There are 2 protein chains.
Amino acid sequence: MTESKDRAFVNGLARGLAVMSAFKPDRNRMSLGELSKETGLPKTTVARLIHTLVKLGYVYADPDSGRFQLHPRVLTLGYPVMASMDKRHVALPMMQELAEYSRGTVSLGIRDGLSMILIERSRDSTVRALPLDIGSRIPIHTTSMGRAYFAAAGEFEQKDILAQIETFDPKGFKKIEKSLREGEREYREKGYCTAIGSWENDVNAVGVAVELSNDALAAFNCGGPSTRIAEENLDDLGRRLAELARHFQTADWVGQLPPRPYKGVSPP
Amino acid sequence: MTESKDRAFVNGLARGLAVMSAFKPDRNRMSLGELSKETGLPKTTVARLIHTLVKLGYVYADPDSGRFQLHPRVLTLGYPVMASMDKRHVALPMMQELAEYSRGTVSLGIRDGLSMILIERSRDSTVRALPLDIGSRIPIHTTSMGRAYFAAAGEFEQKDILAQIETFDPKGFKKIEKSLREGEREYREKGYCTAIGSWENDVNAVGVAVELSNDALAAFNCGGPSTRIAEENLDDLGRRLAELARHFQTADWVGQLPPRPYKGVSPP
DNA sequence: TTGATCGTACCGCTATGCGGTACACCATAC
DNA sequence: GTATGGTGTACCGCATAGCGGTACGATCAA
């Protein structure tokens, strides 16, 4: 119904994963109704899917509150990915160093759709909470990491990104495109991108992309709340982050990553 | 077919997740045939499931090699879990410190079935590769973390664990039980469990459990290759790890975790 | 009380996912 | 050259799995 007439498309699986993704970081205890609303699926269907997930151990049903939450077991699903990128750890000491120096957070991410997914992070030891953990998504167009990625992405991937943005947000498109182009210029001139409150108020950051050997692209950022990362320090941090990135440029230090889409071919 | 006559059990979802779990850390590029062999599902079925996963972006199909690999996007599935346990970071600085001191790795894990799943880790900066990343599973009965967990688990959960072991490995059961009971005694006497080459040759470690406020239990370990973590240092490290754990005992510092199963009730 | 929730049970229908079998392709082998 | 073993893909008839209504018992709040 929702999907096209694709004989080979297993709806149950797609819906089940949709239910899993419906759990949000800030609300990880959900009821059937909420999940139903979130996914747009009928409550009965959600009940069936959740039932399955509980049986498989991916979801935990709290008998008291009658709510559901993702079980840590889902982390195992991601583990092969983590393991395939095990070499990324060689960057950790330098990331940690910069995190301490900046008193903020240093992360590494790759693109997925219109987001960057964080695959490694380190933080200054005085940071209490860590809002951006491994696996979190941040948007491309408002963040320093995303903008740096865009700047380094090359013509074809840029087209792909822009096309997706246009589909997703036709009204804001022009403005976003302009902003991304500005970021590109900034990146060319300075070697890094800045984001001053553009992602969230009072959060400043700088971003630098790294090109990996196997046609994959990733990006670092370094940032934090403006109380820690002052606007006037961004230039210093940007230069240091670019220096950091230079150490890892074009080396097979991350591990196996999917290459960028459409290197040369336009999106379907 | 595989599952019982459960009208509410969505087979497609279960099989899809089985396919995802079929990707192993060391072999994350799989062919249809391999996946079929691994999961025991007919090739056609795997093809359909993989097709779905590719469309959803959770699996990447490499057009050159014709192989499939998990896409980093799967990390997003685990993110809400990570986020719900965000408070665990308060332990990181101390973990890091001990990792540096011991020149090994310090991790935190919780139980899932007969494994411990690692939810946080830190390592000495001179460690090159990190075999045990977030999301990885290690067995309960051969590891210091698992044995410490068992020792602290309490009667009912211990029974559950033992029952599962007996089901899984009826022959080895007696021996494993005895070994776990020994671990329990060690834990009571010394305050930590040791594992000397029992998990993998030439890997030594100590483990200590932490009881959390919401009926959840977790465990730390500290270990590494015997070239780094010598057997004669284990006592020192064990005491330090126990000291570390004491800082976090019975405090809501991890975040929302599922409580232990069957606190008082015998397994169904 | 009433009115929202919550999750569960039931049930008839048909689209859907199943798993055969067959094929086109590409290596490596000899 | 042509086997052989491996890819992934296409096709197709069938049975049933999964769908999504509707209805219900429990809770909890007001």
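Of the 268 residues in chain A, 54% count as buried. The model is a predicted one. Chain A holds nine helices and nine strands. Its accessible surface is about 12000 Å². Carbon and sulfur atoms supply 51% of that surface. Among the contacts in chain A with a separation of 6 or more, 58% join residues 24 or more positions apart.

Next comes a contact between the chains. The crossing of H1(A) with H3(B) is right-handed.

Which residues make the contact? The table lists them by helix.

| Helix | Residues in the contact |
|---|---|
| H1(A) | A:Leu13, A:Ala14, A:Leu17 |
| H3(B) | B:Leu49, B:Thr52, B:Leu53, B:Leu56 |

By class, six of these residues are nonpolar and one is polar. None is charged.

Back in chain A, one residue can be followed in detail. A:Glu34 sits in helix H2 of chain A, which spans residues 32-39. Which residues does A:Glu34 touch, leaving aside its neighbours within four places in sequence? They are A:Arg27, A:Arg29 and A:Arg67. A:Val46 is 12 residues from A:Glu34 in sequence. In space, the two are 9.9 Å apart, C-alpha to C-alpha.

Notes: Residues are numbered from 1 along each chain as its sequence is written. Chains are lettered from A and ligands numbered from 1 in the order in which they are written. This is a predicted model: local features need pLDDT of at least 70, side-chain atom pairs count only at pLDDT 80 or more; totals for chains, interfaces and linings use all residues. Side-chain values use heavy atoms; hydrogens and water are left out. A crossing is left-handed if the near helix is turned anticlockwise from the far one by less than a right angle, and right-handed if clockwise. Helices (H or I, at least four residues) and strands (E, at least two) are DSSP runs, numbered from the N terminus. Contact means heavy atoms within 4.5 Å. Ala, Val, Leu, Ile, Met, Phe, Trp, Tyr, Cys and Pro count as nonpolar, Asp, Glu, Lys and Arg as charged, and the others, Gly among them, as polar. Buried means under 20% relative accessible area, exposed over 50%, partly exposed in between (1.4 Å probe, protein chains only). Accessible areas come from the Shrake-Rupley method with a 1.4 Å probe; for residues, only the protein chains shown count as cover.
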